[in-house]
Amino acid sequence: MGLSAAKSLENMSNKDLDFLFSCLKIHPEYSSVIFKLANLIRTAAQIYLSRATNMPNQVITELVQQFLADTASYNATSPGGHILIWPFFIVGAECSSEQDREFVTMQLQNLWDCTGFGSPLYAIKLLGDIWQEPPGTNWTQTLVDKVEGFIM
């Protein structure tokens, strides 16, 4: 990962999430949803950055478990959940248990059902490829060879 990409993820600010926070002016009644979505996106960014910079597995595991706990009740089928393709993909890349993988796959399938966009199906395919890699493989490195384009 390039230095500028790492720096961008590391310094993710409210400005980077303006697409979400601009909705607060129009629909303040959705503030809890908007802040929940922002937290999920930030957690996914932390997971990606942690894996890309070879942080200890314990740090990454805690972030993944936090994301999965947060999306147990608020997920792809929740209001605004259609923007969670990238976060679910990132978390899915770190999932090792069959139960967690099934949950992420189901969420991505729900996103495809809801939006009809190809990205969730592509994410499911890429996750299948990542899950076939030998344990300990840094999936952020292998994505360079596998991903042709991934529009969120």
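**Contacts, core and pocket**

A: In this predicted model, Leu 108 touches Ile 85, Phe 88, Pro 120, Ala 123, Ile 124 and Leu 127, leaving aside residues up to four places away in sequence.

Q: What makes these pairs count as touching?
A: Contact means heavy atoms within 4.5 Å, so Leu 108 meets that limit with each of Ile 85, Phe 88, Pro 120, Ala 123, Ile 124 and Leu 127.

Q: Which residues touch the most other members of the largest nonpolar core?
A: That core has 34 residues, and Phe 88, Phe 89, Val 91, Val 104, Leu 108, Leu 127 and Ile 130 touch the most other members. Helix H4 (31-52), H5, H6, H7, H8 and helix H9 (139-146) each supply at least two residues of the core. H4 provides the largest share, 7 residues. In soluble globular proteins, nonpolar side chains tend to be buried together.

Q: Why is Leu 143 called buried?
A: Buried means under 20% relative accessible area. Leu 143 has 11%, and therefore it is buried. Leu 143 is placed in helix H9, and it touches Phe 89 and Ile 130, not counting residues up to four places away in sequence.

Q: Why is Val 147 called partly exposed?
A: The class lies between the buried limit of under 20% and the exposed limit of over 50%. Val 147 has a relative accessible area of 26%, so it is partly exposed. Val 147 is found in the segment after H9. It touches Tyr 122 and Leu 126, not counting residues up to four places away in sequence. The C-alpha atoms of Val 147 and Leu 126 are 7.8 Å apart, and the two residues are 21 apart along the chain.

Q: How do you know that Ser 96 is exposed?
A: Exposed means over 50% relative accessible area. Ser 96 has 63%, so it is exposed. Ser 96 lies in the loop between H6 and H7. Ser 96 and Thr 61 are 35 residues apart in sequence, while their C-alpha atoms are 9.9 Å apart in space.

Q: Which residues are closest to the centre of the largest pocket, and how much space lies in this pocket?
A: About 480 Å³ of space lies in the largest pocket. Of the 21 residues that line it, Arg 51, Ala 93, Glu 94, Cys 95 and Ser 96 are the closest to its centre.

Q: What makes up the lining of the largest pocket?
A: The lining divides into 9 nonpolar, 7 polar and 5 charged residues. Helix H5 (57-70), helix H6 (85-94), helix H7 (98-115) and helix H8 (119-132) each supply at least two residues. H5 gives the most, with 5 residues.

Q: Is Asn 54 buried or exposed?
A: The relative accessible area of Asn 54 is 57%, and exposed means over 50%, so Asn 54 is exposed.

Q: How many helices and strands does the protein have?
A: The secondary structure comes to 9 helices and 0 strands. From the N terminus on, the elements run α-α-α-α-α-α-α-α-α.

Q: What describes the protein as a whole in burial, contacts and surface?
A: Of its 152 residues, 41% count as buried, so each of these has under 20% relative accessible area. Among contacts between residues at least 6 apart in sequence, 62% join residues at least 24 apart. The accessible surface comes to about 8,500 Å², of which 55% belongs to carbon and sulfur atoms.

Key. Residues are numbered from 1 along each chain as its sequence is written. This is a predicted model: local features need pLDDT of at least 70, side-chain atom pairs count only at pLDDT 80 or more; totals for chains, interfaces and linings use all residues. Side-chain values use heavy atoms; hydrogens and water are left out. On a 1 Å grid over the protein atoms alone, a cavity is a set of points where a 1.4 Å probe fits but cannot get out, and a pocket is an open set with protein on both sides within 12 Å along at least five of seven lines; lining residues have an atom within 4 Å of a point. Grid points are joined across faces, edges and corners, and a volume is the space filled by probe spheres set on the points. Helices (H or I, at least four residues) and strands (E, at least two) are DSSP runs, numbered from the N terminus. Ala, Val, Leu, Ile, Met, Phe, Trp, Tyr, Cys and Pro count as nonpolar, Asp, Glu, Lys and Arg as charged, and the others, Gly among them, as polar. Buried means under 20% relative accessible area, exposed over 50%, partly exposed in between (1.4 Å probe, protein chains only). A nonpolar core is a set of buried Ala, Val, Leu, Ile, Met, Phe, Trp, Tyr and Cys residues joined through side-chain atoms within 4.5 Å. Accessible areas come from the Shrake-Rupley method with a 1.4 Å probe; for residues, only the protein chains shown count as cover.
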